[in-house]
Amino acid sequence: MANVPWDEIREKFQAALALSRVELHKNPEKEPYKSKYSARALLEEVKALLGPAPEDEDERSQAEDALDAEHHSLGLPAEVVEAEGPVAQRAVRLAVIEFHLGVNHIDTEELSAGEEHLVKCLRLLRKYRLSHDCISLYLQAQNNLGILWSEREEIETAQAYLESSEALYNQYMKEIGSPPIDPTEHFLPEEEKHIEQERSKRFEKVYTHILYYLAQVYQHMEMFEKAAHYCHSTLKLQLEHNAYHPIEWAINAATLSQFYINKLCFMEARHCLSAANVIFGQTGKISATEETTEAEGDVPELYHQRKGEIARCWIKYCLTLMQNAQLSMQDNIGELDLDKQSELRALRKKELDEEESVRKKAVQFGNGELCDAISAVEEKVRYLRPLDFEEARELFLLGQHYVLEAKEFFQIDGYVTDHIEVVQDHSALFKVLAFFETDMERRCKMHKRRIAMLEPLIVDLNPQYYLLVNRQIQFEIAHTYYDMMDLKVAIADKVRDPDSHIVKKINNLNKSALKYYQLFLDSLRDPNKVFPEHIGEDVLRPAMLAKFRVARLYGKIITADPKKELENLATSLEHYKFIVDYCEKHPEASQEIEVELELSKEMVSLLPTKMERFRTQMALT
């Protein structure tokens with residue numbers, strides 16, 4: 001190295017970095033990695049010019065390096081040793097080159113070679129890893145190894161590297177705290193080195209990456225609480241340091257809301273979704289940074305897709321909050337329990353009083369104007385369970401707004417499954433709103449809206465390719481007609497002498513429910529049209545429910561013809577008997593339909609007597 005001017009080495013390194021940053025699509029089509037290979041050649045030249053690694057560092061085994069990663073993951077402390085003197089300085093500069101060679105090989109899909117270079121980087125820095133000069137580089141090398149092992153689906157190894165990085169970061173900040181040197185500074189002249197503010201920004205970005213990758217690892221390991229915590233922390237840091245893509249940040253925040261929704265933490269979910277809306281609105285408005293990719297704003301389809309995905313997260317928020325309220329207030333037959341409703345009203349004041357303390361504990365996004373913008377969105381959306389129709393309608397309308405927004409992108413042509421799921425959510429919004437409606441005629445109209453949106457889907461779908469989706473829709477349509485029939489019967493019961501129009505309406509609804517239940521049950525038959533002797537676990541409960549409801553529907557058909565009524569009762573008995581017989585042959589099925597099984601046994605016992613009375617009356621007439 002003595003014969004080569006230091007300026008020449010620095011220039012080669014900077015040229016290598018510039019080539020590394022060239023985007024793949026700017027290379028020749030047949031040589032997509034041309035710039036990467038050129039950068040690699042320059043890095044190898046710099047490595048040769050720097051000379052061999054210090055002997056004591058080069059001889060360490062990979063097993064020892066793996067042991068180090070394990071120790072770090074356990075949070076064992078490292079000693080602070082500054083990289084002073086020419087030997088240490090050369091080791092650090094070689095480590096910088098090994099790091100960039102490692103990333104280079106990973107970028108060109110040569111993972112084993114990439115791993116080898118990154119491990120060499122750690123080996124060279126091991127003694128100095130907690131020093132002001134080396135901590136950032138060491139953490140970045142470990143992060144890249146964590147990502148590499150994650151891509152190999154060796155999640156525990158990835159976890160060890162990333163948890164080691166987190167532990168070392170925390171130890172450094174506790175014991176030293178000053179912004180460390182950025183790896184690129186080792187090849188910069190003194191006057192071009194970064195000021196402390198820039199160093200701090202870059203080091204915080206490294207820490208943000210640690211949290212981001214740990215969130216993904218914990219998600220993969222199904223440690224959902226930890227994953228959510230790390231995701232929330234990552235998003236918060238990205239905002240604080242203004243280091244984010246609006247579209248990507250917004251979709252991550254909206255996705256995090258789904259975790260909180262599943263935990264019934266609606267205040268936190270609302271905050272995530274409100275922040276997603278505000279940040280998504282920045283798309284195309286923020287200045288370009290090194291973080292910005294061409295995908296941001298240059299691809300309208302991506303913009304509209306992410307907008308639709310965020311809308312779907314809002315739909316789930318509205319729907320789950322309404323459904324949770326329904327579960328809290330319904331009686332044992334699924335109707336509104338006025339006593340439970342009154343109890344929840346009394347608890348409402350307590351919930352409102354607790355709001356401030358809960359908010360203080362919650363992780364809030366942004367500050368200043370951004371915080372105000374997020375709060376403005378939040379204030380328009382309730383997070384407490386709706387207790388009456390007006391409150392439920394407010395959530396319903398918000399959900400319906402986002403249904404329309406989601407359907408703008410997720411159309412039936414091209415996004416069949418997504419489109420159907422959005423329509424099913426729209427139907428579910430109507431269904432739960434109907435629970436809060438006390439006027440039976442209006443409830444019927446809501447169910448009618450559900451039929452109007454679901455039936456066209458059956459026409460458009462090929463049952464061969466969309467069997468499971470078809471079954472879901474058939475069952476839902478059948479159940480909707482079933483509910484409408486029950487409502488019409490309840491309305492007719494209030495009339496002293498129902499006219500033929502009401503009777504016809506009830507029978508038509510009955511007939512439609514039977515049609516769709518039968519379509520569902522027929523879909524379970526084999527190619528020879530034979531119903532299975534053993535019903536699969538995934539469809540056992542819906543199949544048994546369909547059989548039970550078909551039995552009940554045949555018993556509800558209104559007819560003046562005794563012979564026809566006898567036939568209906570016989571068909572009803574046949575379906576009740578199927579349920580009882582099936583559960584005797586397959587006892588495990590009993591647990592799926594305990595209530596329906598008991599009622600079926602009663603009907604199997606009572607119906608023959610009723611049918612015999614009918615036969616006697618018919619014989620007499």
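Guide: Start with the contacts of R348. Leaving aside neighbours within four places in sequence, R348 is in contact with R382, L384, R385, P386, L387 and E391. The model is a predicted one. R348 itself lies in helix α15. Its relative accessible area is 13%, under the 20% cut-off, so R348 counts as buried.

Two of those contacts, R382 and E391, return in the charge pattern. Salt bridges that share partners join R348, R382, E391 and E394 into one network.

Helix α15 (residues 338-361) also holds R345. The side chain of R345 meets that of D388 in a salt bridge, 3.6 Å from N to O. D388 lies in the loop between α16 (369-378) and α17 (389-409), so this pair ties together parts that are 43 residues apart in sequence. How exposed are the two partners, R345 and D388? R345 is partly exposed, with a relative accessible area of 41%. D388 is partly exposed too, with 21%. The cut-off for buried is under 20%, so D388 at 21% is classed as partly exposed.

K263 sits in the loop between α11 (246-262) and α12 (266-280), and E225 in helix α10 (residues 224-240), so the bridge ties together parts that are 38 residues apart in sequence. K263 has 42% relative accessibility and counts as partly exposed. E225 has 47% and also counts as partly exposed.

K577 and D581 both lie in helix α23 (residues 562-585), 4 residues apart, about one turn of the helix. Their side chains meet in a salt bridge of 3.3 Å, N to O. K577 is partly exposed at 41% relative accessibility. D581 is partly exposed as well, with a relative accessible area of 29%.

Next, the cysteines. A disulfide is a covalent bond between the sulfur atoms of two cysteines. How many disulfides are there by the rule used here? The count comes to 0. Take C121: the nearest cysteine sulfur, that of C134, is 9.1 Å away, and C121 is in no disulfide. Seen from C134, the closest cysteine sulfur is in C121, and 9.1 Å is too far for a bond. The cut-off is 2.5 Å between sulfurs. C121 is buried, at 0% relative accessibility. C134 is likewise buried, at 0%.

Last, a pocket. The second largest pocket has a volume of about 1400 Å³. Its lining takes in 36 residues. Which of them lie nearest its centre? They are I333, G334, H479, D483 and R549. By class, the lining has 16 nonpolar, 8 polar and 12 charged residues.

Terms used: Residues numbered from 1 in each chain as written. Predicted model: local features only at pLDDT ≥ 70, side-chain atom pairs only at ≥ 80, totals over all residues. Heavy atoms only, no water. 1 Å grid on protein atoms, 1.4 Å probe; cavity = no way out; pocket = protein on both sides within 12 Å on 5 of 7 lines; lining within 4 Å. Points joined across faces, edges and corners; volume = space filled by probe spheres on them. Nonpolar A, V, L, I, M, F, W, Y, C, P; charged D, E, K, R; others polar. Helix = DSSP H or I, 4+ residues; strand = E, 2+ residues; numbered from the N terminus. Buried < 20%, exposed > 50% of the residue type's maximum accessible area, 1.4 Å probe, protein only. Salt bridge = Lys/Arg side-chain N within 4 Å of Asp/Glu carboxyl O. Contact = heavy atoms within 4.5 Å.
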